[in-house]
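Open the structure in your viewer and keep the selection tool at hand. The tour goes from one selection to the next and says what is found at each stop.

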Amino acid sequence: QDVVVTIRSRCRGVVLRVPPVADVAALLVRDGVDPAVADAAARAAQSHIGLARRLARDPEARERRARTLRLAARIRGVGDAVLAAADLVEVAAAEAKAATADRDAAERAALLRTLGAEEGRALPPALRAQVRQLEEEQKRRATRAQRDVLDRALVDLLSLYRDVLVVQLGADVDLVNVAEEDEVRRLAAESTPEQSLRRMDAIAEARERLEGNVAPLLAMEAMAVALRPQG
């Protein structure tokens, strides 16, 4: 409704929908993925095709996700929460660096070739500003990448407590984290639906804080403290 009427009258609405888990799993199977792995990846990715492909093809990606979900079981007090938050941020930084390191090196090499400079030699003063500008852009991109990885980890945690809530309420709904069903049921037995909702609210608040450029470690620590059991 905020769009000018003359523009809105010339627009066409396009309805998009999230593909069913079964369709995403079938797509992965056509790519050569084992059916059981394909189904688990499609559920864990919540039908996000790109993420499902990465989880299906990369065992390390699956392990990083499982490590994030195990974080919930580790937190028993404030000390555990601080350590868990540091672990989350460290893993996110490592994954972001791995994802951007090769690209950064290729961009720097390409720029040096364009400028007629040689790698490893001192740059003439006239060229340093351009290289510095590239390095600043890469640093901003790495920061964004780390925040994106952290946000994905928080979405995974949200899916865990969503499953916990499903079990607590006895809802006839499929779990997202089928591979972690035992852990889901243990968490459900140790808490109440009200506590699960409180934890989900804490995770959602952490996502908002990251989007607002709050320091990642501070945002993760505040969230992790809220995840600890409260009797």
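**Stop 1: a helix to start from**

Select residues 125-169, which form helix α7. This helix has 45 residues, and from its first C-alpha to its last it reaches 66 Å, close to the 66 Å expected at 1.5 Å a residue. Keep in mind that this is a predicted model.

**Stop 2: from α7 to α9**

Stay on α7 and show the side chain of D151, together with that of R207. What joins the side chains of D151 and R207? They meet in a salt bridge, with 2.7 Å from N to O. D151 lies in helix α7 and R207 in helix α9 (residues 193-211), so the pair ties together parts that are 56 residues apart in sequence.

**Stop 3**

Side chains of opposite charge can pair when their charged atoms come close. How many salt bridges are there in this model? The count comes to 22.

Select D31 and R57, whose side chains meet in a salt bridge at 3.4 Å, N to O. D31 sits in the loop between α2 (21-30) and α3 (35-44), while R57 belongs to helix α4 (residues 49-57). The two are 26 residues apart, and the pair links distant parts of the chain. Are these residues buried or exposed? D31 has 36% relative accessibility and counts as partly exposed. R57 has a relative accessible area of 55%; the limit for exposed is over 50%, so R57 is exposed.

Next, select E181 and R185. Their salt bridge has its closest N and O atoms 3.0 Å apart. Both residues lie in helix α8 (residues 181-190), four residues apart, which is about one turn of the helix. R185 is partly exposed, with a relative accessible area of 43%, and E181 is also partly exposed, at 32%.

To finish this stop, select R76, E183, R186 and E190 together: salt bridges link them in a network.

**Stop 4**

Rolling a probe the size of a water molecule over the atoms shows where empty space is left.

Start with the largest pocket, which has a volume of about 290 Å³. It is lined by 17 residues; select R54, E95, V149, R152 and D156, the closest to its centre. Which helices supply at least two residues each to this lining? They are α4, α5 (59-74), α6 (78-115) and α7. The largest share, six residues, comes from α7, the helix of residues 125-169 where the tour began.

Move on to the second largest pocket, with about 200 Å³ of space. Select A40, A44, R62, A179 and E180, which lie nearest its centre among the 14 residues that line this pocket. α3 and α5 each give at least two residues to the lining, and α3 gives the most, with five. Nine residues of this lining are nonpolar, one is polar and four are charged.

**Stop 5: a cavity**

The structure holds one cavity of 30 Å³ or more. About 60 Å³ of space lies in this largest cavity. Four of the lining residues are nonpolar, one is polar and three are charged.

**Stop 6: the largest nonpolar core**

In soluble globular proteins, nonpolar side chains tend to be buried together. For the last stop, select L154, I203, M220 and M223. These residues have the most contacts inside the largest nonpolar core, which has 32 residues. Two or more residues of this core come from each of α5, α6, α7, α8, α9 and α10 (216-227). Which helix gives the most to this core? α7 does, with 10 residues.

How values were computed. Residues numbered from 1 in each chain as written. Predicted model: local features only at pLDDT ≥ 70, side-chain atom pairs only at ≥ 80, totals over all residues. Heavy atoms only, no water. Expected span 1.5 Å × (residues − 1). Salt bridge = Lys/Arg side-chain N within 4 Å of Asp/Glu carboxyl O. Buried < 20%, exposed > 50% of the residue type's maximum accessible area, 1.4 Å probe, protein only. 1 Å grid on protein atoms, 1.4 Å probe; cavity = no way out; pocket = protein on both sides within 12 Å on 5 of 7 lines; lining within 4 Å. Points joined across faces, edges and corners; volume = space filled by probe spheres on them. Nonpolar A, V, L, I, M, F, W, Y, C, P; charged D, E, K, R; others polar. Core = buried A, V, L, I, M, F, W, Y, C linked by side-chain atoms within 4.5 Å.
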